[in-house]
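Welcome, and please open the structure in your viewer. We will walk through it stop by stop.

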Amino acid sequence: MHTTSTNPILPGTWADPFVLQHDGSYYLYPTKDCPHWRHPKLYAFHSNNLIDWHGPVEILDLQHVGWAEKFAYAPTAVFRNGKFYLYFCADNQIGLAVSDEPLGRFADLLGRPLIERDGWGCQSIDPDLFVDDDGQPYLLWGQGKCWIAPLTDDMHTFLRAPICLSDQLYRQKGIDPAALDRAYRRRGRDPYAFDLTLYNEGAHLQKIGGRYLWSWAVYDARDPRYHLRYAWGDSVLGPYRMPEPDILLAPTKSVRGTGHASMAQKDGDWYLFYHRHGSVVPEREWRRETKWNGVDGTDRQVCCDRLKFRQLVT
């Protein structure tokens, strides 16, 4: 597959875009980039054509969320049961807010995190909400690992126990997931114990051509090598298989850090929304112990390209 567009589509520094289509309009929920990623608010943009975006509109302030103060990022939204549900990261946990309108304001629904810090054996960040053709909603999340769980109608209770999708990738490559889990615990819950060149974060799921397309980002988000990989599945819970090659969107010498994407459809065409680095940061192996200036990788830009599928087979 390949893509075409003119970018960026939003003024300023934004990242982690999720696009919701509702009643013929499109709502884009991004992260507001800032030094150290400590922004305490979330915003949304609105468009009728995927070209002209209006906003930002403030939709959630962590001042009104009792369990978090900063690091508001990576929101995802869905319309369900007459309400708009917003899944979001805050203080490295995942929360759930609700509103009557797509542009909010949203109010914290649970009064607690939906998924607590370091829950399920990985970093509790980057939620993604997928609704299948039968109306069943699924929540995906995680850094270092990717979990998926069907939800009940209340949109926050697991219908069944979560399944670890990223374990399927490791097994496809002949890697024992249990060994990585042990390393994660031994290293004090360090997400870099996992193979971030195979799976890191930013999972997104869509159904295209009758099959399930799962995409995600690899490498650290500050790393200029950050990019998108993907796999196909015939069932929402897998098994998923990575094709050869399995790069959905790769960086170039002039466009770096292309990752954390979502997809939306318009007039029969699919569009990929993602962020890129606004500047080329020093190329290095980013690890938790890497001394970070708090600025590299925080000037990201939201982009949109049209996806063209050569074929819908692995």
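A salt bridge here is a side-chain nitrogen of Lys or Arg within 4 Å of a carboxyl oxygen of Asp or Glu. By this rule the count comes to 17 salt bridges. This is a predicted model, where local features need pLDDT of at least 70, side-chain atom pairs count only at pLDDT 80 or more, and totals for chains, interfaces and linings use all residues. Residues are numbered from 1 along each chain as its sequence is written, and side-chain values use heavy atoms, leaving out hydrogens and water.

**First stop.** Select Arg 105 and Glu 58, whose side chains form a salt bridge at 2.8 Å, N to O. Arg 105 sits in the loop between β8 (93–99) and β9 (107–108), and Glu 58 in strand β5 (residues 54–61), 47 residues apart. Helices (H or I, at least four residues) and strands (E, at least two) are DSSP runs, numbered from the N terminus.

**Next stop.** Select Asp 190 and Arg 187, a salt bridge with its closest N and O atoms 3.1 Å apart. Is Asp 190 buried or exposed? Asp 190 is buried, at 7% relative accessible area, while Arg 187 is partly exposed at 41%. Buried means under 20%, exposed over 50%, partly exposed in between (1.4 Å probe, protein chains only).

**Last stop.** Select β10 (128–131) and β13 (163–164), the edge strands of an open, antiparallel sheet with the order β10-β11-β12-β13. Strands pair if DSSP finds at least two bridges between them. Finish at Tyr 138, which stands opposite Pro 150 in β12.
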